[in-house]
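The sequence and the model come first.

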Amino acid sequence: PDGVASIGARAFMYCHALTTITMPTVASIGEGAFRYCTALTTITIPVGVASIGARAFYGCTALEAITLPVGVTSIGESAFHGCTALTTITLPVGVARIGESAFWGCTALESITIPVGVVSIGAYAFYDCTTLESITIPDTVASIGARAFRGCTALESITIPDTVTTI
């Protein structure tokens with residue numbers, strides 16, 4: 001409803017039968033807000049959301065695709081960890097940081113384009129994304145955390161720009 005400023009921490013955690021979410025314009029999605037919503041296949045995140053909290057969609061094993069709107073600047077730690085059906089995610093220009101373990105275990109994710117503006121990719125960010133074949137990293141990235149791509153057994157190519165000073 002109108003007037004909701006944010007989706008609070010663990011607001012819908014363990015709602016196993018929840019399949020679809022259409023949310024009002026909010027500024028943030030809190031920590032673990034939809035954690036373990038194992039039937040969730042579709043979510044529409046509205047323009048106006050600035051941050052995706054830590055573990056917001058952790059363990060949403062049926063979630064197949066997600067588009068983050070322009071305005072999202074931060075993807076929290078383990079935000080999409082274990083979303084094993086996630087094949088597509090679109091990150092908007094304006095995201096500055098991809099949190100630690102953000103996409104860990106997204107075993108169906110085949111490719112991702114990191115948008116211009118991202119300055120850091122957290123440790124374990126794409127750990128065990130076993131079908132990830134390609135990744136594009138822009139010149140704005142300065143740091144890539146430890147084991148960010150560990151276990152990406154299908155990864156065929158990656159270009160690390162000269163701007164990266166820490167891996």
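In the protein chain, the mean positions of the 6 positive and 11 negative charges lie 13 Å apart. Lys and Arg count as positive and Asp and Glu as negative, while His and the chain ends are not counted; each charge is placed at NZ of Lys, CZ of Arg, CG of Asp or CD of Glu. The model is predicted, so that local features need pLDDT of at least 70 and side-chain atom pairs count only at pLDDT 80 or more, whereas totals for chains, interfaces and linings use all residues. Residues are numbered from 1 along each chain as its sequence is written, and side-chain values use heavy atoms, with hydrogens and water left out.

**Overall form**

The C-alpha trace of the protein chain spans about 45 × 25 × 20 Å along its principal axes. Its radius of gyration is 15 Å, which agrees with the value near 15 Å for a compact globule of 167 residues. That radius is taken over C-alpha atoms, and the globule rule is 2.2 Å times the number of residues to the power 0.38.

The accessible surface of the protein chain is about 7300 Å², and carbon and sulfur atoms hold 54% of that area. Areas come from the Shrake-Rupley method with a 1.4 Å probe; for residues, only the protein chains shown count as cover. Of the 167 residues, 47% count as buried. Buried means under 20% relative accessible area, exposed over 50%, and partly exposed in between (1.4 Å probe, protein chains only).

Contacts (heavy atoms within 4.5 Å) can be sorted by sequence separation. Among those in the protein chain with a separation of 6 or more, 18% involve residues 24 or more positions apart.

**Strands and sheet**

The protein chain has zero helices and 14 strands. Helices (H or I, at least four residues) and strands (E, at least two) are DSSP runs, numbered from the N terminus.

Seven strands make up an open sheet with parallel pairing, in the order S1-S3-S5-S7-S9-S11-S13. Strand S1 (6-7) and strand S13 (143-144) are at the edges with a single partner strand each, so one side of each has no neighbour in the sheet. Two strands pair if DSSP finds at least two bridges between them. Strand S7 (residues 74-75) and strand S9 (residues 97-98) run parallel and are joined by two bridges. Ser-74 stands opposite Arg-97 in S9.

**Individual residues**

Most residues other than glycine have a negative phi. Arg-10 has a positive phi of about 55 degrees although it is not a glycine, and Ser-78 likewise has a positive phi, near 55 degrees. Arg-10 is in the loop between S1 and strand S2 (20-22); Ser-78 is in the loop between S7 and strand S8 (88-90).

The table gives relative accessible areas.

| Residue | Relative accessible area | Class |
|---|---|---|
| Arg-10 | 46% | partly exposed |
| Ser-78 | 6% | buried |
| Ala-9 | 47% | partly exposed |
| Thr-22 | 68% | exposed |

Ala-9 is also in the loop between S1 and S2. Apart from its neighbours within four places in sequence, Ala-9 contacts Gly-30 and Glu-31. Ala-9 and Pro-161 are 152 residues apart in sequence and 36 Å apart in space, C-alpha to C-alpha. Thr-22 lies in strand S2. Between Thr-22 and Asp-139 there are 35 Å in space, C-alpha to C-alpha, and the two are 117 residues apart in sequence.
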